[in-house]
Amino acid sequence: MALSRVCWSRAALWGSAVAPGPFVTRRLQLGRSGSAWRAPRLFDLLCRSSKLHLSPKADVKNLISYVVTKTRAINGTYHRFLGRHFPRFYALYTVFMKGIQMLWADAKKARRIKANMWKHNVKFHQLSYREMEHLRQFRRDVTKCLFVGVISIPPFANYLVFLLMYLFPRQLLVKHFWTPKQQIDFLDIYHSLRKQSHSEIIAYLERASALVSDERLRWHLTDVCTKVQNGTHPTAHDILALRECFSTYPLGLNQLQALQMKALSRALLLTPYLPPPLLRWRLKSHTTVIHQLDRALAKLGIGQLTAQEVKSKLSCPSCCTTWSCFPPTTLRPGAE
């Protein structure tokens with residue numbers, strides 16, 4: 001008996017495989033089956049609740065639509081409040097928001113054009129007329145916006161910049177942020193500035209006509225200046241006949257004096273307050289771009305322009321140039 005008890009105790013200590021009694025086996029089986037039966041039931045409830053209430057895609061879509069709806073409702077209420085109580089500020093606010101949208105659309109279009117240029121290895125002068133004109137105008141708009149951003153960097157300078165933009169919108173803002181009335185008024189201002197420089201340019205041409213060595217060209221240049229002063233617009237044939245005068249001394253771009261380059265810069269609505277080397281470089285680059293635009297427009301055909309494009313072309317101050325005062329030497333006969 002003592003030996004059997006010792007064996008039983010050793011078996012219990014070392015975990016020997018001793019078959020338990022029927023009562024213990026039944027308790028274990030009931031416990032296992034109960035736990036195995038309860039765990040899937042709880043898991044199924046969690047899965048069902050996640051399917052009913054935690055579907056990620058549907059919840060995200062519903063949340064986005066809810067936020068968009070609420071934002072539109074709040075924005076509409078805010079617009080009605082501004083229009084009712086602050087009509088002048090609401091007009092400026094509307095112009096500003098539309099200007100931001102238009103500038104952002106121009107930026108995306110310019111990015112697509114640039115991406116196509118890099119992908120297909122296309123140069124600027126190889127673009128179509130519309131793409132070339134868009135990149136040129138967007139570059140000028142970005143330059144003006146960068147200037148406004150630079151002067152806003154000092155502390156508390158942004159308040160002064162807002163005041164300056166309100167007082168001098170023509171100098172500091174791009175055309176997207178102009179009101180319709182301002183666009184008409186600014187066009188008249190640009191036209192008057194350009195018209196004031198024409199008499200000065202004609203006076204310089206008359207003085208330079210005496211220095212032309214060819215008698216036929218000298219007479220022709222004097223005749224064109226006389227026609228312009230009398231109010232008669234010269235024909236394209238008269239202008240193209242003077243191409244040789246503007247390729248050599250004294251009317252070549254490399255031989256022009258500082259006063260003549262300043263007068264041409266004012267006629268092209270460029271700043272004349274630069275050193276003569278910078279004036280010469282800017283005139284060359286500006287007239288080159290205009291020449292490339294003319295060639296692209298000739299390839300497209302003037303009849304292909306829409307009414308909106310013609311209107312924007314007439315209202316664009318940087319595109320209204322006077323080729324009679326500065327004709328390119330590379331135009332072929334009939335390209336006018």
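Asp185 is partly exposed, with a relative accessible area of 31%. In this predicted model, its side chain forms a salt bridge with Lys181, and the closest N and O atoms are 2.9 Å apart. Lys181 is exposed, at 58% relative accessible area. Both residues belong to helix α8 (residues 180–209), where a spacing of 4 residues separates them by about one helical turn. Side chains of opposite charge can pair when their charged atoms come close.

The structure as a whole holds 5 salt bridges. Three of them are listed here, including the one just described.

| Salt bridge | Closest N to O distance |
|---|---|
| Lys181 – Asp185 | 2.9 Å |
| Asp223 – Lys227 | 3.6 Å |

Asp223 and Lys227 are 4 residues apart in helix α9 (residues 215–229), which means about one helical turn lies between them. Asp223 is partly exposed, with a relative accessible area of 24%, and Lys227 is partly exposed as well, at 27%. Asp238 is buried, with a relative accessible area of 11%. Through shared partners, the salt bridges join Asp223, Lys227 and Asp238 into one network.

The chain has 13 helices and 0 strands. Buried residues make up 26% of its 336 residues. Of the contacts with a separation of 6 or more, 59% are between residues 24 or more positions apart. The chain exposes about 24300 Å², and carbon and sulfur atoms supply 64% of that area.

Helix α6 has a buried side. Its buried residues are Ala157, Val161 and Met165. They lie on the same side of α6 because they cover an arc of only 80 degrees around the axis. These buried residues pack against α5 (129–151) and α7 (169–172). The face turned away from the buried side carries the exposed residues Tyr159, Phe162 and Tyr166.

Tyr166 is also part of a nonpolar surface patch of about 620 Å², made together with Leu92, Leu160, Leu163, Leu167 and Phe168. Helix α6 (residues 157–167) gives the largest share of this patch, 4 residues. Leu163 is found in α6 and counts as partly exposed, at 45% relative accessibility.

Definitions and conventions
Residues are numbered from 1 along each chain as its sequence is written. This is a predicted model: local features need pLDDT of at least 70, side-chain atom pairs count only at pLDDT 80 or more; totals for chains, interfaces and linings use all residues. Side-chain values use heavy atoms; hydrogens and water are left out. Patches are made of residues with over 30% relative accessible area and no salt bridge: like charges are joined within 9 Å, nonpolar side chains (Val, Leu, Ile, Met, Phe, Trp, Tyr) within 5 Å. Accessible areas come from the Shrake-Rupley method with a 1.4 Å probe; for residues, only the protein chains shown count as cover. A salt bridge is a side-chain nitrogen of Lys or Arg within 4 Å of a carboxyl oxygen of Asp or Glu. Helices (H or I, at least four residues) and strands (E, at least two) are DSSP runs, numbered from the N terminus. Buried means under 20% relative accessible area, exposed over 50%, partly exposed in between (1.4 Å probe, protein chains only). Contact means heavy atoms within 4.5 Å. The arc is that of the directions from the helix axis to the C-beta atoms.
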